[in-house]
Each structure stands twice: as structure tokens, then as C-alpha cells.
Amino acid sequence: MAARSATPTPAPAGRRFSVGPSVGLLPFLAYLTIFLLVPTVTVVVGAFRDDDGGYSLTKIRLLGDETALNALKNSLVLSFSSAVVGAVLGALLAYLVVTASPTSVLRRVVTSVCGVLAQFGGVTLAFAWMATLGGGGLLTTVLADAIGSDPNGVPWLYELRGLILVYTYFQIPLMVIVFLPALEGLRPQWREAAVNLGATTWQYWTQVAFPLLRPAFLGSLLLLFANAFAAYATAAALISQGGFITPLLIRTSLTSEVLLGQRNFGFALALEMIVVVAIVMSLYAWLLKRTSRWL
């Protein structure tokens with residue numbers, strides 16, 4: 001019987017690179033370059049330029065002045081306070097939502113409203129609060145007629161306390177959106193196992209659920225902090241003059257006639273904000289990576 005002729009097996013070809021799937025990323029990369037990379041590079045370069053066009057640390061040293069330090073301190077207090085209040089209240093609201101049926105009207109309404117209110121900011125939000133608690137506002141008029149309070153509204157609405165209250169308005173729904181997936185990731189079997197082992201409800205939450213939710217909660221808290229730290233339009237609409245927080249101080253450095261010769265100081269302040277936000281978002285990414293192990 002004649003032996004079959006062996007067909008030579010071709011050598012495995014090298015791995016081919018396909019550019020087809022990568023073409024779809026080009027619009028996103030262009031958007032990222034124009035609206036993120038180019039402005040960031042412009043800010044970094046401008047922060048190290050002096051008024052003569054040369055490179056120096058003059059504007060960076062101005063960040064140590066009392067005005068810049070007070071603005072940074074107020075921005076940190078504003079961001080941290082609104083983030084903590086928003087995280088705690090938002091987590092409680094998210095827990096109430098997750099305990100409802102996935103098809104319930106309450107759950108769908110709350111999640112939809114939170115999706116809208118998380119984006120409700122800027123001039124519109126500032127006007128809503130001024131129309132409520134400002135001079136001649138709805139609640140101001142009602143309280144003035146009922147208990148004889150000041151008809152000119154609450155003066156602290158245009159101070160740091162007022163900004164904390166206003167910022168909390170959009171921090172709570174944002175917390176619900178970002179923290180809800182973590183609560184949904186808690187499996188009922190874990191609670192059943194804890195109960196079968198004799199654990200109480202308090203022991204389950206303190207020894208099982210909360211340790212699992214801690215990275216997600218802290219990550220959401222950092223996200224809320226960065227969201228408040230970078231917010232500008234709401235504070236600018238409420239406070240038309242002055243710069244007691246960093247975003248408003250940047251506006252003052254660009255528009256004020258008092259700070260002549262300080263045109264690059266705004267770049268230094270923006271670089272300071274970029275560094276703070278980069279640190280916060282790096283911690284957020286690390287915590288999100290830890291949460292993704294069990295979520």
C-alpha cells in the first residue's frame with residue numbers, strides 16, 4: 001500500500017495587527033487631545049512662565065501667599081464638607097432604593113430623579129436657591145409672614161456655609177448613582193450565611209457588609225470631593241465678587257484690574273487644582289480596583 005504523501009505544514013505566521021477596531025477610537029482620542037491634553041499642557045507651561053515670556057518659578061511661589069492659601073483651604077473645606085454630607089445621606093438613600101423591588105415604581109423614580117439632579121448645577125442651581133432663600137424668595141417670604149423672620153433672606157447663603165448647602169444638593173444624587181452598584185453587589189447568600197452562623201444584623205453590617213463596602217464608599221467620597229473641588233459656575237453665580245475659593249480666585253486673576261501683571265498666576269492656580277484632582281482621582285482608581293474584585 002502506497003504511503004500517502006505528507007503535506008507540508010506551513011509555518012505559523014506572525015500575529016497580524018488589525019487597525020479596524022482602533023479606527024473607532026480616533027474621534028475619542030481627538031476629543032481627549034483637544035479638550036483635555038492641550039489645555040493641561042497649556043496650563044502647565046503657562047504656570048512656569050513669567051510676565052516677560054521666560055521660564056521661572058515666580059508664579060508658583062505666589063501659591064504660598066496668604067490669599068492663595070486661604071482660597072485653597074476654603075476649597076478643601078467646601079469640597080470635604082459637601083462630600084461627607086452627600087456621601088452619608090446619599091448612601092442611606094441608596095440603601096433605601098436597593099431594598100425596594102427592581103421593578104418598583106419607587107426605585108425607578110428615585111434613580112431617574114437622581115440622574116437628573118446630579119447634573120443640575122451651575123447658574124440654574126444658584127438661581128433656584130436664591131429664589132428660595134434669597135431676598136424676596138419663596139421660603140423667605142413664607143417665613144417672614146409666618147414667624148417674622150428677615151425678609152431679605154439668609155446672608156450666609158452667599159458665604160462658605162451657603163456653598164456647602166448648595167453643593168450638597170447635587171452631591172447626594174451623585175452618591176446614589178455611583179454607590180448603588182456596590183450595594184447591589186451584596187449577595188443575599190452572604191447575609192443568610194451570617195445569620196445561620198448566629199450573627200445579628202449589627203454584626204452582619206459591621207463585620208461583613210461594611211468591610212466590603214468600605215472601598216466603594218471611600219472611592220465615592222473621593223469622587224464627590226473632586227466633583228465639588230472643580231465646580232465653578234454655581235459659586236460664580238452666587239458670589240459675583242471676590243475669590244475665597246480657588247476657582248473664583250482664578251476668575252479674579254483673569255478679570256480683575258487690581259491684579260495687573262499677574263496674568264500667569266491663574267495658570268499656577270489651575271496647576272494647583274490639577275495636582276489635587278490628580279491625587280484624588282488616583283486614590284479613587286485604586287479603591288475602585290479593590291472594589292471590582294468582589295463587585
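In the predicted model, the crossing of helices α2 and α13 is left-handed. The contact between the two helices involves Thr-40, Thr-42, Val-43, Val-44, Gly-46 and Ala-47 on the α2 side, and Phe-267, Ala-268, Ala-270, Leu-271 and Ile-274 on the α13 side. The axes of α2 and α13 come within 8 Å and cross at roughly 125 degrees.

The greatest contribution is that of α10, with 12 residues. This core comprises 47 residues, and those with the most contacts inside it are Met-175, Phe-179, Phe-265 and Leu-269.

Leu-269 touches Leu-63, Ala-68, Thr-246, Leu-249, Ile-250 and Ser-253, when residues up to four places away in sequence are not counted. A second, separate core has 19 residues, among them Leu-157, Leu-163, Phe-170 and Ala-231.

Thr-246, one of the residues touched by Leu-269, is located in helix α12. With a relative accessible area of 1%, Thr-246 is buried, because this value lies under the 20% cut-off. Its side chain reaches the backbone oxygen of Ala-71 at 3.5 Å. Apart from neighbours within four places in sequence, Thr-246 is in contact with Ala-71, Leu-72, Ser-75, Leu-269, Glu-272 and Met-273.

Methods
Residues are numbered from 1 along each chain as its sequence is written. This is a predicted model: local features need pLDDT of at least 70, side-chain atom pairs count only at pLDDT 80 or more; totals for chains, interfaces and linings use all residues. Side-chain values use heavy atoms; hydrogens and water are left out. A nonpolar core is a set of buried Ala, Val, Leu, Ile, Met, Phe, Trp, Tyr and Cys residues joined through side-chain atoms within 4.5 Å. Buried means under 20% relative accessible area, exposed over 50%, partly exposed in between (1.4 Å probe, protein chains only). Helices (H or I, at least four residues) and strands (E, at least two) are DSSP runs, numbered from the N terminus. Contact means heavy atoms within 4.5 Å. A polar contact is a pair of N or O atoms within 3.5 Å; within protein, one must be able to donate a hydrogen and the other to accept it, and residues adjacent in sequence count only if both atoms are side-chain atoms. Axes are lines fitted to C-alpha atoms, for helices over the stretch in contact, and angles run from 0 to 180 degrees between N-to-C directions. A crossing is left-handed if the near helix is turned anticlockwise from the far one by less than a right angle, and right-handed if clockwise.
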